[in-house]
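Here are my notes on the model, as promised. Have it open while you go through the points.

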Amino acid sequence: MQTYEDILVDSVQDGVLTIRLNRPEAYNALRTQLLSEIADVLAQAKDDETVKTVLITGNDKVFAAGADIKEMASLDAVGVMNDPRPAHWRAIAQFPKPIVAAVNGFALGGGCELVMHCDIVIAGDNAQFGQPEINLGIIPGAGGTQRLIRTIGKSMAMQLVLSGEFISAEQARDFGLISEVTIPERSFERAMELAKKIATKPPIAVRLAKESLLKAYETTLDSGLNIERKAFTMLAATQDRNEGIAAFMEKRKPEFKGK
Ligand code: CAA
């Protein structure tokens with residue numbers, strides 16, 4: 001893996017590729033360069049069979065404080081229209097393998113939206129989530145208005161986006177924005193534990209499970225059930241499904257091959 005300016009990429013460990021946001025001087029503000037680097041790593045990880053899951057994290061104090069406000073200041077409406085960042089966000093949203101996040105400290109604006117692009121989120125109890133864009137005279141620009149309302153419901157989504165107030169890790173968990181709260185020192189370890197566990201599961205089933213779950217955001221129940229049924233049927237044609245069932249019957253550990 002090449003080296004990057006705004007992120008650190010650890011070598012793959014038990015199927016898990018770790019990306020660390022690394023602009024501490026700017027509270028990991030998501031400038032275009034940082035987003036393009038994440039998109040580049042994910043483009044490689046997508047086709048790399050050794051990568052089963054991706055873990056994204058920040059540092060002890062901050063996950064990400066949002067889009068880079070200083071960079072944003074230089075863009076007029078035409079600049080925003082031609083902004084490459086939406087394409088990088090799309091690359092993250094469309095990444096087919098699971099993304100687990102370990103969040104400590106601030107996850108604000110684009111940082112909170114990055115959280116919503118991840119599939120499972122573990123946060124330290126020092127984490128704070130919010131969409132403070134309203135204080136800048138703008139609104140969330142990386143899917144926040146759409147994903148937040150689908151994730152935490154109308155009233156809380158309105159509260160966050162309109163007031164700019166932050167919520168705690170416990171509140172974020174209670175509203176379903178994240179899945180678990182730990183002490184800050186344990187969030188990375190717990191996220192890694194989960195990422196590694198998922199990395200041992202049959203990759204085709206994992207991929208289709210993620211795809212089916214995410215479709216629930218954007219389809220009717222009927223077409224969502226159809227998508228699930230097709231994925232379920234497709235899995236009946238995989239060697240891993242035969243292996244999983246045979247291993248259960250033979251009371252042994254399955255050996256999944258992604259076939
Ligand atoms: N962009 C650029 N730089 C940022 C930044 C951001 N989003 N957030 C923090 N920084 C920088 C600060 O400018 C400061 O740098 P300097 O020392 O060079 O001045 C450094 O990080 C530390 O910040 P503070 O001194 O402000 O630290 P604090 O502990 O007092 O406050 C904070 C922390 C509450 C996170 C505060 O920095 C803050 O409010 N940041 C902005 C949060 C925000 O508005 N995010 C939304 C951005 S817009 C967006 O994200 C659009 C979208 O949907 C994609």
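1. A word on handedness before the helices: a crossing is left-handed if the near helix is turned anticlockwise from the far one by less than a right angle, and right-handed if clockwise. Helices (H or I, at least four residues) and strands (E, at least two) are DSSP runs, numbered from the N terminus.

2. Some housekeeping. This is a predicted model, where local features need pLDDT of at least 70, side-chain atom pairs count only at pLDDT 80 or more, and totals for chains, interfaces and linings use all residues. Residues are numbered from 1 along each chain as its sequence is written, and side-chain values use heavy atoms, with hydrogens and water left out.

3. Start with H6 (residues 144-152) and H7 (residues 154-163), whose axes sit 7 Å apart at an angle of about 140 degrees. Axes here are lines fitted to C-alpha atoms, for helices over the stretch in contact, and angles run from 0 to 180 degrees between N-to-C directions. That makes H6 oblique to H7; angles under 35 degrees count as roughly parallel, over 145 as roughly antiparallel, 65 to 115 as roughly perpendicular and the rest as oblique. H6 passes H7 in a right-handed crossing.

4. On the H6 side, Leu-148, Ile-149 and Ile-152 make the contact, and H7 brings Lys-154, Met-156, Ala-157, Leu-160 and Val-161 (contact means heavy atoms within 4.5 Å). By class that is seven nonpolar, no polar and one charged. Ala, Val, Leu, Ile, Met, Phe, Trp, Tyr, Cys and Pro count as nonpolar, Asp, Glu, Lys and Arg as charged, and the others, Gly among them, as polar.

5. H6 also meets H5 (residues 110-117): their axes come within 10 Å and cross at roughly 55 degrees. H5 is therefore oblique to H6, and this crossing is left-handed. Glu-113, Met-116 and His-117 of H5 touch Gly-144, Arg-147, Leu-148 and Thr-151 of H6.

6. A side-chain N or O atom of Glu-113 is 2.6 Å from a ligand oxygen. For Tyr-27, a side-chain N or O atom is 3.0 Å from an oxygen atom of the ligand. Ala-65 uses a backbone N or O atom, 2.9 Å from a ligand nitrogen.

Conventions:
A polar contact is a pair of N or O atoms within 3.5 Å; within protein, one must be able to donate a hydrogen and the other to accept it, and residues adjacent in sequence count only if both atoms are side-chain atoms.
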